Amino acid sequence: LISCKKKIGGGAGGSAGRLAAQNDAPEYTLDVMLNCVDRHFDSKDKKGKAEDLENSALLWRGSAENCRPVQEGDPSKVVSMRVFTVGLE
């Protein structure tokens with residue numbers, strides 16, 4: 001767990017606070033760091049993979065669209081830590 005944030009604007013802040021409380025954002029957001037593999041490495045296309053391997057140690061935001069869980073047999077050099085954001089009502 002990296003962070004836990006509560007939606008602002010619950011009681012104070014005048015009209016700006018009321019507008020913030022009425023937005024569609026979840027009540028709480030959690031940022032968690034997970035091991036994952038960039039889906040780019042699953043592709044047969046070799047274009048850009050060398051650069052991706054160099055950047056795999058950098059911290060990136062993750063999503064289900066561009067990352068997948070680590071599976072048995074994945075080389076350790078393609079596994080990276082990504083930050084995922086989860087919303088809770």
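A salt bridge here is a side-chain nitrogen of Lys or Arg within 4 Å of a carboxyl oxygen of Asp or Glu. By that rule, Lys5, Asp31 and Arg61 are linked in a network, and the structure holds six salt bridges. This is a predicted model, so to speak of local features takes pLDDT of at least 70 and side-chain atom pairs count only at pLDDT 80 or more, while totals for chains, interfaces and linings use all residues. Residues are numbered from 1 along each chain as its sequence is written, and side-chain values use heavy atoms, with hydrogens and water left out.

**Salt bridges**

- Aspartate 31 and lysine 5 pair up through their side chains at 3.8 Å, N to O. Aspartate 31 sits in strand β2 and lysine 5 in strand β1 (residues 3-6), so the pair ties together parts that are 26 residues apart in sequence. Strands (E, at least two residues) and helices (H or I, at least four) are DSSP runs, numbered from the N terminus.
- Aspartate 31 is buried at 7% relative accessibility, whereas lysine 5 is partly exposed at 46%. Buried means under 20% relative accessible area, exposed over 50%, and partly exposed in between (1.4 Å probe, protein chains only).
- Arginine 68 has a salt bridge with aspartate 42, with the closest N and O atoms 2.7 Å apart. Aspartate 42 is in the loop between β2 and α2 (49-55) and arginine 68 in strand β4 (residues 67-68), so this pair also joins parts 26 residues apart in sequence.
- Arginine 68 also forms a salt bridge with aspartate 74, at 3.0 Å between the closest N and O atoms. Arginine 68 is buried, at 9% relative accessibility.

**Strand β5**

- Valine 79 belongs to β5 (residues 79-88) and is partly exposed, at 23%.
- Leaving out residues up to four places away in sequence, valine 79 touches Asn35, Cys36, Val37, Val70 and Asp74. Contact means heavy atoms within 4.5 Å.
- Beyond four places in sequence, serine 80 touches Leu34, Asn35, Cys36 and Ser56.

**Cysteines**

- Cysteine 67 is buried, with a relative accessible area of 4%.
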